[in-house]
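Subject: Structure for you to look over

Dear colleague,

I am handing over the structure we talked about, with the sequence alongside. Please open it first, and then read on for what was found in it.

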Amino acid sequence: MRNTTQIRRIAYIQSSWHSDLLAHARLAFYERMSHYGWPLNRIDTYDVPGAFEIPLMAKRAALSGRYDAIVGAALVVDGGIYRHEFVAQAVVDGLMRVQLDTNVPVFSMSLTPHHFHSHSDHENFFSGHLKHKGQEVADACEGMLGALRRFETDLPPNDANKEPAGAA
């Protein structure tokens with residue numbers, strides 16, 4: 001369980017495309033984060049038009065200073081008009097850049113299935129799969145926030161007179 005005095009917020013940014021399926025991931029994320037002690041009123045959800053817009057919203061959220069972590073969620077499918085891989089790669093690259101540029105952990109729950117068609121078999125499969133992915137991203141989020149807390153509390157004091165480890 002988490003000490004609630006340390007809690008700020010988590011931003012959950014979701015693409016509006018396939019929002020009915022992504023709702024399974026979002027609800028599973030909420031449930032798992034609640035299990036870890038995060039109050040649901042501390043998770044802010046933002047809907048953006050598509051996956052391509054997630055990194056910009058993530059950067060705005062990170063720069064706001066309000067969030068301990070950011071999650072981006074999307075289902076990027078092959079619509080038959082263009083190669084969907086470039087969208088998925090742009091999203092993941094953008095989220096990684098946001099994380100490294102802002103020092104705020106950013107998690108991608110952006111899935112790019114090889115085959116997806118809007119029929120009941122695929123919708124049933126992906127509903128269950130996205131629920132699992134929502135739980136996984138919550139586990140990763142809580143795990144990384146815990147690792148960062150341990151890192152920050154275990155840092156040795158900054159001592160200018162001390163030689164670096166391994167110095168002879």
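With which residue does Arg149 form a salt bridge, and how far apart are the closest N and O atoms? The partner of Arg149 is Glu142, and the closest N and O atoms of the pair are 3.7 Å apart. Arg149 is partly exposed, because its relative accessible area is 27%, whereas Glu142 has a relative accessibility of 12% and so counts as buried. Please bear in mind throughout that this is a predicted model.

Overall layout

The protein chain contains four helices and four strands, and, read from the N terminus, these elements follow the order β-α-β-α-β-α-β-α. Of the 168 residues in the chain, 41% are buried.

The nonpolar cores

The largest nonpolar core has 21 residues, and those that touch the most other members are Ile10, Tyr12, Phe29, Met33, Ile43, Met109 and Cys141. Two or more residues of this core come from each of strand S1 (10–15), helix H1, strand S3 (69–75), strand S4 (106–111) and helix H4 (120–154), and it is H1 that gives the most, with six residues.

Once its neighbours within four places in sequence are left aside, Tyr12 is in contact with Ala25, Arg26, Phe29, Ile43, Asp44, Thr45, Tyr46, Val71, Ala73 and Met109.

A buried arginine

One of those contacts of Tyr12 is Arg26, which lies in helix H1 (residues 19–35). Arg26 is buried but has no salt bridge, and the nearest side chain of opposite charge, that of Asp47, is 5.4 Å away. A salt bridge requires a side-chain nitrogen of Lys or Arg within 4 Å of a carboxyl oxygen of Asp or Glu, and the separation of 5.4 Å between Arg26 and Asp47 should be read with that cut-off in mind. Apart from its neighbours within four places in sequence, Arg26 is in contact with Tyr12, Gln14 and Thr45.

Salt bridges

The structure holds six salt bridges, among them the pair of Arg149 and Glu142 described above. Another joins the side chains of Asp101 and Arg97, with an N to O distance of 3.9 Å. Both of these residues lie in helix H3, four residues apart, which is about one turn of the helix. Asp101 counts as exposed because its relative accessible area is 52%, and Arg97 likewise counts as exposed because its relative accessible area is 56%. Helix H3 itself covers residues 85–102. Although Arg97 and Lys59 are 38 residues apart in sequence, their C-alpha atoms are 8.9 Å apart in space.

A further salt bridge is formed by Glu136 and Lys133, whose closest N and O atoms are 2.9 Å apart. Both lie in helix H4, three residues apart, again about one turn of the helix. Glu136, at 33% relative accessibility, counts as partly exposed, and Lys133 is partly exposed as well, with a relative accessible area of 21%.

The two sides of helix H2

Where do the buried residues of helix H2 fall when one looks down the axis of the helix? The buried residues of H2, which spans residues 54–64, are Ile54, Pro55, Ala58, Ala61 and Ala62. Seen down the axis, these buried residues fall within an arc of 120°, so they line one face of the helix. The face turned away from the buried side carries the exposed residues Leu56, Arg60 and Leu63. Just after H2, Gly65 takes a positive phi of about 80°.

With best regards

Note on methods:
Residues numbered from 1 in each chain as written. Predicted model: local features only at pLDDT ≥ 70, side-chain atom pairs only at ≥ 80, totals over all residues. Heavy atoms only, no water. Buried < 20%, exposed > 50% of the residue type's maximum accessible area, 1.4 Å probe, protein only. Lys, Arg positive; Asp, Glu negative; His and termini not counted. Contact = heavy atoms within 4.5 Å. Core = buried A, V, L, I, M, F, W, Y, C linked by side-chain atoms within 4.5 Å. Arc of directions from axis to C-beta.
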